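Please open the model in a viewer and keep the selection panel at hand.

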Amino acid sequence: MTRPRPSRPAMAASMAGAVDLSGLKQRATQPPAPQTGEDTAAGLGAAVAVTEANFEPDVLVRSNQVPVVVLLWSPRSDAAIALAEALGALVTADGGRWSLALVNVDTTPRVAQAFGVQAIPTVVALAGGQPIASFQGTQPVAELRKWVDALLEATAGKLPGAAGAEPEQVDPAVAAARDQLDAGEFLAARASYQAILDADPNHAEAKAAIRQVDWLIRASAADPDVIATADADPGDLEAALTAADVQLLSQDAAGAFGRLIAAVKRTAGDDRARVKARLLELFELFDPADPDVIRARRDLASALY
């Protein structure tokens, strides 16, 4: 998959480097095939049952027109079935403003593997062919409504295939920085985005990209064994901070946030301030409406007060 592109809109940091959809792409420029009854998940008329054959048109290409919410589920999981029903009710009520795609991990394992799914159910939102937000587990209907509304707001007027959408005019300097980020040339991308920010201190994409690049550089250089080190010695603050980065790179946002909140509870003074600052820095990589962020902010407030 490509790396985060903060302004189109920001991808949840937990998705960075974790999803490789390129192997499932076949004809990126072809128009989406019409949906048929055979494409539709049983009992959820507004949802598309995803296979390798229809992944390209019904997920990737479709996400250029409206956001596509992909639910990775299994009929073996009651929680996943309940989440599918809740999302199905929402997508029906919203009348085509977004699309719901269901990936049965038992029957389409290659698609599930491409998303790097680690738990069932997992939800991933795509826009413009890119993962932009995700969460694991179930959520109350009210929280799902907020999450979908935030997704619609973030993508409004920005999708290249949406009705009436204007083609995006990209500054050559921004395009070059994005290409460097996509290629994993993090140091070069940071320098390019910094030059953009120096010329325009209010450039939103450059600000967000630099935050993400700094985290990617730090997390990519970390020893994966640091999680075991931090678990073995909870008092090792450096290990805890690094382990949280590695967990985030592995899509375990809840685990990363939980580790740092536990460190906040154990520390005081400058150490506590440092952990809190790192936690707030990681929050900035996510959509504020992300359920893991909302929960972690609440837990942080409880830990501090």
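In which loop does Pro121 lie? Select Pro121: the loop that holds Pro121 runs between α3 (109–114) and β4. Helices (H or I, at least four residues) and strands (E, at least two) are DSSP runs, numbered from the N terminus. The model is predicted, so local features need pLDDT of at least 70 and side-chain atom pairs count only at pLDDT 80 or more, while totals for chains, interfaces and linings use all residues. Residues are numbered from 1 along each chain as its sequence is written, and side-chain values use heavy atoms, with hydrogens and water left out.

The peptide bond from Ile120 to Pro121 is cis, its omega being near 0 degrees. Most peptide bonds are trans.

Next, select Gly137, in the loop between β5 and α4 (141–155). Beyond its neighbours within four places in sequence, Gly137 is in contact (heavy atoms within 4.5 Å) with Leu83 and Pro121. The C-alpha atom of Gly137 is 7.5 Å from that of Ala119, although 18 residues separate the two along the chain. Gly137 has 24% relative accessibility and therefore counts as partly exposed. In terms of relative accessible area, buried means under 20%, exposed over 50%, and partly exposed in between (1.4 Å probe, protein chains only).

**Strand β4 and the sheet**

Select residues 122–127, which form strand β4. Of its 6 residues, 6 are buried.

Now show the partners of β4. Two strands pair if DSSP finds at least two bridges between them. Strand β2 (residues 68–73) pairs with β4 in the antiparallel sense over 5 bridges, and Leu72 has Thr122 as its bridge partner. Strand β5 (residues 130–136) also runs antiparallel to β4, joined to it by 6 bridges. Within this pair, Ala127 is bridged to Gln130, and Ala125 stands opposite Ala133.

Zoom in on the turn. β4 and β5 form a hairpin with 2 residues between them, and Gly128 in that turn has a positive phi of about 60 degrees. Most residues other than glycine have a negative phi.

Zoom out to the entire sheet. The sheet is open, has 5 strands in the order β1-β3-β2-β4-β5, and its pairing is mixed. β1 (47–49) and β5 are the edge strands, each pairing on one side only. On average, neighbouring strands of this sheet are turned by 25 degrees against each other, direction ignored.

Select α6 (residues 186–199) and α7 (residues 204–220), whose axes come within 9 Å and cross at roughly 155 degrees. Axes are lines fitted to C-alpha atoms, for helices over the stretch in contact, and angles run from 0 to 180 degrees between N-to-C directions. α6 and α7 are therefore roughly antiparallel; angles under 35 degrees count as roughly parallel, over 145 as roughly antiparallel, 65 to 115 as roughly perpendicular and the rest as oblique. Display the side chains of the contact, among them Phe186, Tyr193 and Leu197 in α6 and Ile210, Val213 and Ile217 in α7. The residues of this contact comprise 11 nonpolar, 2 polar and 4 charged. Ala, Val, Leu, Ile, Met, Phe, Trp, Tyr, Cys and Pro count as nonpolar, Asp, Glu, Lys and Arg as charged, and the others, Gly among them, as polar.

Trp215, Leu216, Arg218, Ala219 and Ser220 of α7 make the contact with Asp245, Val246, Leu248 and Leu249 of α9.

**Helices α10 and α11**

Finally, select α10 (residues 253–266) and α11 (residues 269–283), whose axes come within 9 Å and cross at roughly 160 degrees. α10 and α11 are therefore roughly antiparallel to each other. The residues of their contact divide into 9 nonpolar, no polar and 4 charged; including Phe257 and Leu260 in α10 and Leu279 and Phe283 in α11.
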